[in-house]
Amino acid sequence: VVDGAGSYALVVTNNSNGCTASANAVVTLNGNLPIADAGNSTELNCNNNEVALNGNNSSGGANIEYQWSTNDGNIVSGDDTTTPSVDEAGQYTLIVTNTSNGCSSSSSVSVSEDLNEPIADAGNADQLNCNNNTVSLDGTDSSSGSGIAYQWSTNNGNIASVANTATPTVDEAGTYSLLVTNTDNGCTSTAEAIIGEDIASP
């Protein structure tokens with residue numbers, strides 16, 4: 001058994017007559033490592049609860065095998081391909097093996113998670129009456145800023161002004177629902193406000 005490249009000579013001796021014979025053998029080294037590239041980090045969110053990792057920049061060919069693994073995430077499918085699907089945050093490791101020489105390389109990539117829901121607050125209940133035939137809904141205690149969108153809706157009332165602001169005007173009694181969306185991660189929250197009515201004649 002040898003463990004290095006080189007030229008090796010075998011000498012065989014006949015102890016009875018002292019005659020010898022020899023032969024040479026050359027051992028070469030095929031130690032080329034394959035390329036393992038697990039790709040760029042990616043993120044799970046409310047829009048994307050499953051993502052594909054990208055190991056396409058790794059070595060390829062008939063003699064190349066891929067194996068993904070993780071200790072803290074979850075591989076849904078394709079753990080022996082360059083593009084497995086995963087659905088949990090964690091660290092993912094790709095091992096690329098050249099089956100011709102047994103050499104392998106590894107690379108890791110992180111998958112993060114952003115599932116933070118915005119705050120939805122539809123405000124306090126209010127009431128229409130003969131003095132106030134319209135009222136403004138109050139969603140100002142909801143999340144705000146860039147990347148936050150509002151949408152009010154109702155099944156039994158009426159929104160008299162633009163419904164995609166924090167404070168639309170309504171002119172009918174009913175239940176009003178506020179949907180707040182974080183457009184950066186797709187996460188949403190909802191809240192309701194009830195508008196009553198007192199128009200009884202004296």
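User: Is C130 buried or exposed?

Analyst: Read the relative accessible area: buried is under 20%, exposed is over 50%, and partly exposed lies in between, with a 1.4 Å probe and protein chains only. C130 has 65% relative accessibility, so C130 counts as exposed. C103 is at 16% and therefore buried. This is a predicted model: local features need pLDDT of at least 70, side-chain atom pairs count only at pLDDT 80 or more, and totals for chains, interfaces and linings use all residues. Residues are numbered from 1 along each chain as its sequence is written, and side-chain values use heavy atoms, with hydrogens and water left out.

User: Which cysteines form a disulfide?

Analyst: A disulfide is a covalent bond between the sulfur atoms of two cysteines. The rule applied is a pair of cysteine sulfur atoms within 2.5 Å. The count by this rule is one disulfide. C46 pairs with C187, with 1.9 Å between the sulfur atoms.

User: What is the torsion about the S-S bond of C46 and C187?

Analyst: About 80 degrees, so this disulfide is right-handed. C46 sits in the loop between strand 3 (42-45) and strand 4 (51-52), and C187 in the loop between strand 15 (174-182) and strand 16 (188-198), so the pair ties together parts 141 residues apart in sequence. Strands here are DSSP runs (E, at least two residues), and helices are runs of H or I with at least four; both are numbered from the N terminus. C46 is partly exposed, at 37% relative accessibility. C187 is buried, at 1%.

User: Which residues make up the covered face of strand 15?

Analyst: In a regular strand the side chains alternate between the two faces of the sheet. In strand 15, G174, Y176, L178, V180 and N182 form the covered face. T175, S177, L179 and T181 form the uncovered one.

User: How many bridges join strand 15 to strand 16?

Analyst: Pairing requires that DSSP finds at least two bridges between two strands. Strands 15 and 16 run antiparallel and are joined by eight bridges. V180 has S189 of strand 16 as its bridge partner. The two strands form a hairpin with five residues between them, and G186 in the turn has a positive phi of about 80 degrees. Strand 15 also pairs with strand 12, antiparallel, over seven bridges. There, W152 is bridged to L178 of strand 15.

User: What does S143 contact, leaving aside neighbours within four places in sequence?

Analyst: Contact means heavy atoms within 4.5 Å. S143 touches P118, I119, I148 and Y150 on that basis. S143 lies in the loop between strand 11 (135-136) and strand 12 (148-154). Its side chain reaches the backbone nitrogen of I119 at 2.7 Å. At 18% relative accessibility, S143 counts as buried.

User: And where is S85 found?

Analyst: S85 is in strand 7, residues 85-88. At 17% relative accessibility, S85 is buried. Beyond four places in sequence, S85 touches residues including E50, V51, N74 and I75.

User: How many helices and strands does the protein chain have?

Analyst: Zero helices and 16 strands. For overall shape, take the radius of gyration over C-alpha atoms, and compare with the globule rule of 2.2 Å times the number of residues to the power 0.38. A compact globule of 202 residues would come near 17 Å, but this chain has 35 Å. The C-alpha trace spans about 140 × 25 × 25 Å along its principal axes. Buried residues make up 30% of the 202.

Conventions:
Polar contact = N/O pair within 3.5 Å; in protein donor to acceptor, adjacent residues only side chain to side chain.
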